[in-house]
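Please look over the structure below before reading on. Keep it in view as you work through the report.

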Amino acid sequence: EQVAHSSAGDRLVHETVLGDSARTGGRTDQDGEAPLAAELRQHVPESVQRFLAPSLTFHWTTKHRLVVVGGGLLVLLALLANSAGTALVVASGIVVILLALTLLQQDLFERESPALIMAVGVIGGVIGIVIGTVNSWLTSSDWFDSGTLNYGAAGFGGRFADLGGAAPLSVWLLNGLILPLIAIAGIAAAPVALRRLPQFRNEVMDGVILVGSSAAGYAISTALVYWSPMLGNRGPQTDVSDWTLTLIGVVILRPVVITLAGAMLGAGIWRYMVTPSIARILLPAVGSVGAFLLLAFGSIQLQPAGLWAEVIWTLLLSAATFAVYRVVLKGAITEDRKAMGSDGGRMVCPSCQQITPAGAFCANCGEPLPEAAGTGKASRTTSAPGGT
């Protein structure tokens, strides 16, 4: 399998040691790409594709299709079983899982274990349940408690928040500032602990994926807390427009902000730990923390103004978060390209899939390295263990 490197600023063309293939212009991976997605992409202007995926081309894989089809079937079955709450919980996880799968596509070298990603997501989910429950309790205790749902967990109280009037100072301070900051620290805690292991130190994208996955778990679990009163009872009595806006906000827009903010947070932490410099973490830190706080403050401020106002605000915040994220992503990938070098000094070990200095043996697992690693060429070929 091949690992090819380009000079700074050139497009990276690589074939990872896990068997994925990546090539410019209609690349496919181990899962393949849907013909419809490939056909549609041919008609999308290159400038639009580059904006949506500035460094690596996104492609629709079998895993993406399984999440959409499987999630849709589960939603349908829940609705047929007359369990609207279960259907809403499942629907709230679809976009989040799709985002997490897309984050994994950006990994340049070794891929993280699916079990590890799931474990990190579960930890983020536990944090989300705790924070969401406390948020909900504070909202119902100090602000408003009508409307059935746990609005403090995910906002979008609409007309029920309007009945409660403006939020008191305690809600602003706790739900708007202190608890979001605690959530940020909790989302990053497990990934930062994993960074003590060598295999999670060699890529900035490790931080993007791990913290992003933790944030994805947080987004799903706070939505679970939000919808949980409907798991055994009927939901609030309101019109179709309100339900539609609530679904757009809780199922689509809010998960985008939280997941991408978590990914940016991971990029900032990993870059700072590699080279401590405020300038290197300023954009991801401001982007991630700002997104979390603006989501919380905007929700508290705009809930009494109605669902339209909160949905529009969350939509604008989603667009701004994505714009900052794509810049951070490009920087993370550029950083990881430098980690491999262009002088043959570093390579991916074909045995353990880790980055190691070129030489006779891998610095991580001790297995012999291919002789081609010492040629110093920008593009070098590695073989399977025991190959030439």
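## Ground rules

This is a predicted model: local features need pLDDT of at least 70, side-chain atom pairs count only at pLDDT 80 or more, and totals for chains, interfaces and linings use all residues. Residues are numbered from 1 along each chain as its sequence is written, and side-chain values use heavy atoms, with hydrogens and water left out.

## Nonpolar cores

A nonpolar core is a set of buried Ala, Val, Leu, Ile, Met, Phe, Trp, Tyr and Cys residues joined through side-chain atoms within 4.5 Å. Buried means under 20% relative accessible area, exposed means over 50%, and partly exposed lies in between (1.4 Å probe, protein chains only). The largest core has 47 residues; Met205, Val208, Leu210, Tyr218, Ile258 and Tyr325 touch the most other members. Several helices supply at least two residues each, including α4 (84–105), α9 (204–227) and α12 (307–340). Helices are DSSP runs of H or I, at least four residues long, numbered from the N terminus. The largest share of this core, 11 residues, comes from α10.

Take Ile258. Beyond its neighbours within four places in sequence, Ile258 is in contact (heavy atoms within 4.5 Å) with Ala215, Tyr218, Ala219, Phe292 and Leu295.

## Aromatic rings

Rings of Phe, Tyr and Trp (its six-membered ring) pair if their centres lie within 6.5 Å; planes under 30 degrees apart count as stacked, over 60 as edge-to-face and the rest as tilted. The count comes to seven aromatic pairs. Tyr226 and Trp227 pair edge-to-face, at 4.8 Å centre to centre and 90° between the planes. Both Tyr226 and Trp227 are buried. Trp227 and Trp243 are stacked, with 6.4 Å between centres and 15° between planes. This pair links distant parts of the chain: Trp227 is in helix α9 and Trp243 in helix α10, 16 residues apart.

How exposed is each partner? Trp227 has a relative accessible area of 0%, so Trp227 is buried. Trp243 has 21%, so Trp243 is partly exposed.

## A helix pair

Helix α3 (residues 62–80) and α4 pack at an angle of about 175°, with axes 8 Å apart. Axes are lines fitted to C-alpha atoms, for helices over the stretch in contact, and angles run from 0 to 180 degrees between N-to-C directions. So α3 is roughly antiparallel to α4, a label for angles over 145 degrees.

Conventions
Angles under 35 degrees count as roughly parallel, over 145 as roughly antiparallel, 65 to 115 as roughly perpendicular and the rest as oblique.
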